[in-house]
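My notes follow, entry by entry.

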Number of protein chains: 2
Amino acid sequence: MKACGLIVEYNPFHNGHVYHLQSSKKKTNADVLVAVMSGDFLQRGEPAIIDKWHRAEAALQSGVDVVLELPYVYAVQHADLFAKGAVLTLNSLNVDCVCFGSEKGKVKPFIDAYHHLKGKESTFNEELHLHLKAGLSFPEASKKAYEAVQLTTDGLDLSKPNNILGFSYVKAIYEAGSMMKPETIQRTKSGYHDPEIKDTIASATSIRNEINTNIRLSDKVINAIPKVTSDALNNYKNKSGLFHQWEHYFSFVQHTVLTKRIDELQQIQGVEEGLEFRLKKTAKKAKSFYHWMELLKTKRYTWTRLQRMFVHILTNTTKHELQAIHTLQTLPYVRLLGFSSRGREYINRQKKQLETPLISQIQSLQHPFLDIEERASDTYYLAIPHHKRSEIAKQEIGPPILVN
Amino acid sequence: MKACGLIVEYNPFHNGHVYHLQSSKKKTNADVLVAVMSGDFLQRGEPAIIDKWHRAEAALQSGVDVVLELPYVYAVQHADLFAKGAVLTLNSLNVDCVCFGSEKGKVKPFIDAYHHLKGKESTFNEELHLHLKAGLSFPEASKKAYEAVQLTTDGLDLSKPNNILGFSYVKAIYEAGSMMKPETIQRTKSGYHDPEIKDTIASATSIRNEINTNIRLSDKVINAIPKVTSDALNNYKNKSGLFHQWEHYFSFVQHTVLTKRIDELQQIQGVEEGLEFRLKKTAKKAKSFYHWMELLKTKRYTWTRLQRMFVHILTNTTKHELQAIHTLQTLPYVRLLGFSSRGREYINRQKKQLETPLISQIQSLQHPFLDIEERASDTYYLAIPHHKRSEIAKQEIGPPILVN
């Protein structure tokens with residue numbers, strides 16, 4: 001059975017994702033699709049609109065065969081670490097290839113870029129650091145740094161968000177010494193960060209914006225997502241009473257920042273360069289999470305970076321706890337969220353040769369990463385009123401989802 | 001000017017307190033009454049129903065001349081440390097005597113008890129520890145320990161709550177080597193812990209219970225408090241929208257316990273003897289603060305002790321931060337909340353000879369205790385919705401209250 005890996009967030013699962021998985025399957029001639037998906041908190045430092053179980057289920061109903069959880073410690077990170085965690089996860093399930101969507105749509109320029117850059121990492125990193133320090137955003141600074149190492153591979157624009165991610169995936173695959181073959185399909189028109197829905201293929205950002213401004217799912221939203229997703233969204237809203245967003249967690253981070261001492265704040269992942277003082281100074285003024293972000297934001301601290309820091313404050317995740325992720329070459333475990341019957345067959349065939357423990361429940365194994373996973377999940381569900389919470393959160397201690 | 005010290009919580013200020021201050025003034029022939037009052041969190045581990053400023057104001061309007069804040073580090077503590085903090089505070093303002101209410105009503109038995117017990121502390125403490133370990137409550141265990149050292153002073157029952165406190169005050173006065181003279185007046189009938197209002201003199205507990213079960217102040221409540229208190233209560237409720245109670249802080253302590261690691265919980269004041277594990281185990285089950293307390297409570301962990309622990313969890317106060325309070329013989333500062341013009345005159349006369357800095361704003365001085373004070377105050381006001389909060393919390397950075 002040939003397996004194709006997908007690296008996803010599905011926040012929420014939409015028509016563009018359907019296109020991505022179908023095209024990937026076709027292009028790679030795969031029998032099974034194995035997705036590694038962020039959990040309840042996402043790469044850009046946000047709570048997912050609905051929990052990982054409901055997002056996974058919609059994907060399984062639409063052609064994905066296995067959904068694995070990208071550990072929190074890699075998920076809420078910049079592109080390189082996010083990619084590393086995702087690649088190590090897929091690799092430990094012996095997936096044959098990884099197919100990502102990109103603006104470029106051809107994989108060779110990514111591979112060429114990787115080989116061109118090899119050995120030039122220190123120059124690249126120095127340049128990157130210099131431009132970041134000068135106040136450029138990460139995409140801007142990396143563009144400059146690529147120029148400095150004379151990277152001009154067939155017009156591959158490494159300031160475009162999905163090209164950046166794609167390049168990180170290719171790099172992570174080679175650096176892990178993985179046998180997985182990188183592949184890419186071209187993304188359709190809709191920009192990653194488009195604020196508004198313009199078509200039946202729309203960005204997840206635009207879909208979330210539209211969802212959050214209406215009580216019911218509007219026609220625009222319904223046209224941009226498969227029926228399984230509208231069912232998942234409605235089902236989740238009925239059970240929990242809400243779609244998760246940062247404002248639900250504002251009072252928790254405010255309380256945490258007001259009561260932690262400066263030296264405690266400094267230990268939190270992402271609290272750097274004096275941000276601990278800025279946090280303390282602005283905590284009481286902030287009228288909402290959004291307002292607090294506005295008070296904190298400067299050229300130096302990008303929105304995404306600040307949001308990631310706030311997720312780590314919310315889950316009390318320290319720099320010390322994350323030290324291991326930089327040096328790990330294999331994962332301590334892989335967590336299975338759900339599978340189709342074909343996915344189950346694939347897993348069963350692989351099982352004997354797996355070197356990494358495959359678990360579905362947090363309780364199955366003792367590991368510091370799983371402690372963090374549990375804190376993240378517990379915190380995520382705190383947004384839901386208590387009388388509705390335990391019903392929805394119980395999946396966390398149940399078996400993986402099976403979609404036939 | 002002769003000054004009489006009162007040790008109070010005023011939660012809220014009621015007719016019994018009016019009787020206490022008038023009788024104390026008469027009995028000690030004092031010109032000014034100096035009260036040391038708990039701040040926003042109280043000895044029994046609860047948030048005060050209204051903030052310290054509104055409680056202080058009502059007292060100043062009723063005959064108290066100076067209100068000083070008992071530092072948080074002493075206020076949310078068992079009787080001995082509470083007494084120590086209060087006595088050191090009054091002592092640093094050169095107060096002449098301390099007059100407390102007691103079931104006994106005569107001060108000599110308290111003094112005799114102190115002298116009788118002197119030198120027998122180790123036996124007493126061993127016995128106390130033994131009985132506590134055997135599962136007795138603190139009042140029960142101390143009663144047994146008093147019997148073991150053959151304390152039978154004129155029928156002074158040291159299991160009665162105000163006698164316990166009174167004895168702690170006398171002990172603290174002698175141990176501090178203070179020149180202040182202890183005095184007592186007999187409390188009127190109403191029991192300290194009476195759950196219901198029975199008269200115009202009622203316990204603060206019964207008044208709070210009655211307030212919390214009605215939207216408006218009932219006639220029963222109004223009959224048991226002076227007009228200045230009903231004004232203060234109504235005024236506070238109008239401005240803030242609420243009377244503070246533990247349930248307002250439930251989600252904060254729940255989030256904190258769910259996200260702190262075991263070793264971090266162990267550092268919090270009051271988290272002892274495996275309570276960290278019990279806390280973690282029960283945190284998700286708890287449907288409310290009250291329910292959580294029910295889940296945690298055993299013979300070994302009394303209600304008050306658990307509540308105090310929760311206050312320290314809420315304010316992130318560690319054992320390490322409180323180490324100093326056991327050895328300190330003078331306070332690092334005394335904080336003035338308000339005064340009458342007579343009180344101001346007293347303060348002005350004393351000012352030159354004061355050895356302890358007298359401050360009104362937290363910002364006037366740098367001290368670890370003041371950091372805790374700020375955290376406590378910030379947390380206390382988090383119960384109030386943001387748009388009403390800053391208006392009411394601004395007193396915290398203003399001048400002391402002056403009531404003419």
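Two strands count as paired when DSSP finds at least two bridges between them. I keep that in mind for the bridge entries. The model is a predicted one.

**Entry 1: strand 4 of chain B**

I started with the pairing of strand 4. Strand 5 covers residues 181-186, and strand 4 pairs with it in the parallel sense over six bridges. I then looked at strand 1 of chain B, residues 3-8. Strand 1 and strand 4 also run parallel, over two bridges. Here Cys97(B) of strand 4 is the bridge partner of Cys4(B).

Next I asked which residues of strand 4 point which way. Cys97(B), Cys99(B) and Gly101(B) point one way, while Val98(B), Phe100(B) and Ser102(B) point the other. Buried here means under 20% relative accessible area.

**Entry 2: helix 9 of chain B**

How many residues of helix 9 are buried? I noted seven of the nine, in a helix spanning residues 204-212, so helix 9 of chain B is largely enclosed by the rest of the structure. The buried ones are Ala204(B), Thr205(B), Ser206(B), Ile207(B), Arg208(B), Glu210(B) and Ile211(B). I wrote down that Arg208(B) and Glu210(B) are on that list. The buried residues pack against helix 10 (219-224) and helix 11 (227-240) of chain B.

Leaving aside neighbours within four places in sequence, Val228(B) is in contact with Ala58(B), Gln61(B) and Ser62(B). I also checked Val228(B) against Arg300(B). They are 72 residues apart in sequence, and their C-alpha atoms are 41 Å apart in space.

The crossing is right-handed.

Which residues make the contact? From helix 12 of chain A I listed His255(A), Leu258(A) and Thr259(A). From helix 19 of chain B I listed Arg375(B), Asp378(B) and Thr379(B). By class, that contact has one nonpolar, three polar and two charged residues.

**Entry 3: two loop residues in chain B**

Is Thr356(B) buried or exposed? Thr356(B) sits in the loop between helix 18 (341-351) and strand 7 (358-359) of chain B. Its relative accessible area is 9%, so I put it down as buried. Beyond its neighbours within four places in sequence, Thr356(B) is in contact with Ser92(B), Leu331(B), Pro332(B), Tyr333(B) and Val334(B).

Gly155(B) is in the loop between helix 7 (138-148) and helix 8 (161-175) of chain B. At 64% relative accessible area, Gly155(B) is exposed. I checked its C-alpha atom against that of Lys104(B), 51 residues away along the chain. The separation is 8.6 Å.

**Entry 4: backbone exceptions**

Most residues other than glycine have a negative phi, and most peptide bonds are trans. I looked for departures from both.

The peptide bond from Asn11(A) to Pro12(A) is cis, with omega near -5°. Pro12(A) is in the loop between strand 1 (3-8) and helix 1 (15-28) of chain A. In chain B, the bond from Asn11(B) to Pro12(B) is cis, with omega near -5°. Pro12(B) is in the loop between strand 1 and helix 1 (15-28) of chain B.

Phi of Asn94(B) is positive, near 60°. Asn94(B) lies in the loop between helix 4 (79-92) and strand 4 of chain B. At 33% relative accessibility, Asn94(B) is partly exposed. Asn316(B) has a positive phi of about 55°. I placed Asn316(B) in the loop between helix 16 (303-315) and helix 17 (319-322) of chain B. Asn316(B) is buried, at 2% relative accessible area.

Definitions and conventions:
Residues numbered from 1 in each chain as written. Chains lettered and ligands numbered in written order. Predicted model: local features only at pLDDT ≥ 70, side-chain atom pairs only at ≥ 80, totals over all residues. Heavy atoms only, no water. Buried < 20%, exposed > 50% of the residue type's maximum accessible area, 1.4 Å probe, protein only. Helix = DSSP H or I, 4+ residues; strand = E, 2+ residues; numbered from the N terminus. Left-handed = near helix turned anticlockwise from the far one by under 90°. Contact = heavy atoms within 4.5 Å. Nonpolar A, V, L, I, M, F, W, Y, C, P; charged D, E, K, R; others polar.
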